[in-house]
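Here's a quick walk through a protein model for anyone who wants to know which local details are worth a look. Have the sequence and coordinates open as you read.

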Amino acid sequence: MSRRVWITRGFAALAGAGLVAGACAGPPPDPPSHPSPVRADLIPTATPIKHVVFIIKENRSFDHMFGRFPGADGVTSGMDHGTVVPLTAATDDRIPRDLPHDHEAAVRDYDGGKMDGFNQSATAATWAFTQFQGPEDLPNYWHWAEQFVLGDRFFASVDGPSFPNHLFTIAAQSGGTVDNPSPPVKLGGFKTWGCDAPLGEYVQVADTEGKTQVVPPCFDFQTEGDLLDRAGIPWAYYSAPPVPYGHRAHSGYIWSAYAAVRHIRDDPNEWDSHMFPVQHVLQDIEEGDLPPVTWITPEFALSEHPEYSFCKGENWTTRVVDAVMRSPMWKDTAIFVTWDDWGGFYDHVAPPQVDRFGLGIRVPLLVISPYARKGHIDHRWGEFSSVLRFIEDNWGLTQLTHRDRAAWDLFYDFDFSRPARPADPRPLRIDCGSGSAPALQ
């Protein structure tokens with residue numbers, strides 16, 4: 001029996017048993033704060049994995065984080081316009097301002113494959129060529145790399161910054177854009193990056209002939225969520241929630257990628273069924289409410305964006321991973337942790353240019369699962385569409401674009417012939433600085 005027939009018949013059986021929810025008579029009076037519980041173990045899969053958790057952090061290159069990791073393709077010195085420079089010690093604390101990392105900066109960093117154009121500003125001159133020196137600087141990330149899988153040929157999907165790359169994490173495409181939207185100057189520069197962006201916010205997109213035009217940052221392409229919906233597989237996306245215009249307390253809402261997909265953002269039933277505040281994610285994990293497929297993006301101050309504490313961001317990731325490990329879902333979960341773009345930090349590996357959008361500069365990938373290979377460094381190239389391909393092949397879905405059709409599905413990072421490994425929760429770091437950040441939820 002083919003996987004497609006197997007899954008189709010499996011869902012028919014679930015529906016007949018009353019285990020797949022039918023259409024609601026009407027929307028609930030208040031939007032739910034967490035997904036409805038679901039028996040993920042009853043949904044047929046190609047592997048023992050019944051839950052995928054896709055965590056997307058911010059703005060770090062591979063060499064910046066893992067350039068000194070034993071066995072990985074890393075370096076301890078970089079190239080600055082043809083001159084060799086040492087990679088000096090990175091800071092756990094915030095840096096004064098952001099490094100150049102828009103599309104134009106990525107092209108300059110790449111420099112025709114020479115990877116020597118990272119010194120583009122006074123801030124970059126000081127911080128672009130920095131690197132965490134070893135396990136004492138990022139203890140839990142380093143531990144997971146030692147105990148599970150570290151990908152050292154994993155690239156951002158787009159040669160550019162957050163907005164297009166976050167779109168790739170849900171759709172294997174960016175709607176034709178390689179850059180962040182430009183906020184309307186007259187409104188003070190605040191960004192929402194989606195279908196609810198203020199009037200006057202726009203983004204450049206390229207058509208199939210390479211011609212550019214300016215459009216609002218709102219698209220209507222098909223997403224992984226649509227594939228999951230059609231197969232009857234529950235899913236959720238956790239992010240900072242939308243807030244009134246100009247309010248920055250939950251500024252991580254810019255990374256709520258589905259907010260830029262019109263048929264989801266503008267449909268209250270779709271939005272309320274799948275979008276949830278990231279402040280609730282730990283409680284929802286503990287209560288067993290995560291569906292089979294979950295995306296998680298943090299609030300800005302816990303994202304590891306370099307204007308905020310890396311240490312506090314690592315603690316946030318640790319809390320999420322520990323919560324999964326301590327829950328019943330650990331036994332059948334695959335956690336994929338990555339960073340949405342390089343953030344302007346040095347990396348020596350020239351990304352393969354597979355189309356006009358990328359690939360972008362290399363970022364780390366951690367694969368954490370009771371079935372993940374122990375201490376394995378994955379040298380095969382991948383990008384955000386590779387995680388989508390894992391989801392698609394595990395639940396028997398089709399593909400969305402040429403990117404996820406071409407991607408390997410990451411099954412080779414797992415050993416399903418061995419019993420599930422026990423959980424290994426990590427202690428939180430106690431050496432974080434005093435910089436302000438929201439309380440860890």
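Residues are numbered from 1 along each chain as its sequence is written, and side-chain values use heavy atoms, with hydrogens and water left out.

Confidence first: pLDDT is the predictor's per-residue confidence, from 0 to 100. The protein averages 89, and 87% of the residues score at least 70. Residues 1-29 stay under 50, and residues 435-441 also stay under 50. Where pLDDT is low, the predicted coordinates should not be read in detail.

Now for D340, in the loop between β12 (333-339) and β13 (365-368); helices (H or I, at least four residues) and strands (E, at least two) are DSSP runs, numbered from the N terminus. D340 is buried yet has no salt bridge, and the nearest side chain of opposite charge, R60, is 9.0 Å away. Buried means under 20% relative accessible area, exposed over 50%, and partly exposed in between (1.4 Å probe, protein chains only). For charge, Lys and Arg count as positive and Asp and Glu as negative, while His and the chain ends are not counted. The D340 side chain reaches the backbone nitrogen of N59 at 3.2 Å, and a polar contact of 3.2 Å joins it to the side chain of H166. A polar contact is a pair of N or O atoms within 3.5 Å; within protein, one must be able to donate a hydrogen and the other to accept it, and residues adjacent in sequence count only if both atoms are side-chain atoms.

H166 is among the buried residues of α6; in that helix (residues 162-171), ten of ten residues are buried. Just after α6, A172 takes a positive phi of about 55°. In the hairpin of β2 and β3, H81 in the turn has a positive phi of about 50°.

The structure holds 17 salt bridges, each a side-chain nitrogen of Lys or Arg within 4 Å of a carboxyl oxygen of Asp or Glu. Here are some of them:

| Pair | Closest N and O atoms |
|---|---|
| R153 and D73 | 2.7 Å |
| D431 and R429 | 2.9 Å |
| R403 and E383 | 3.1 Å |

R403 is buried at 3% relative accessible area, and E383 is buried at 1%. D92, E314, R429 and D431 are linked in a salt-bridge network.

Terms used. Predicted model: local features only at pLDDT ≥ 70, side-chain atom pairs only at ≥ 80, totals over all residues. Contact = heavy atoms within 4.5 Å. Pairing = 2+ DSSP bridges.
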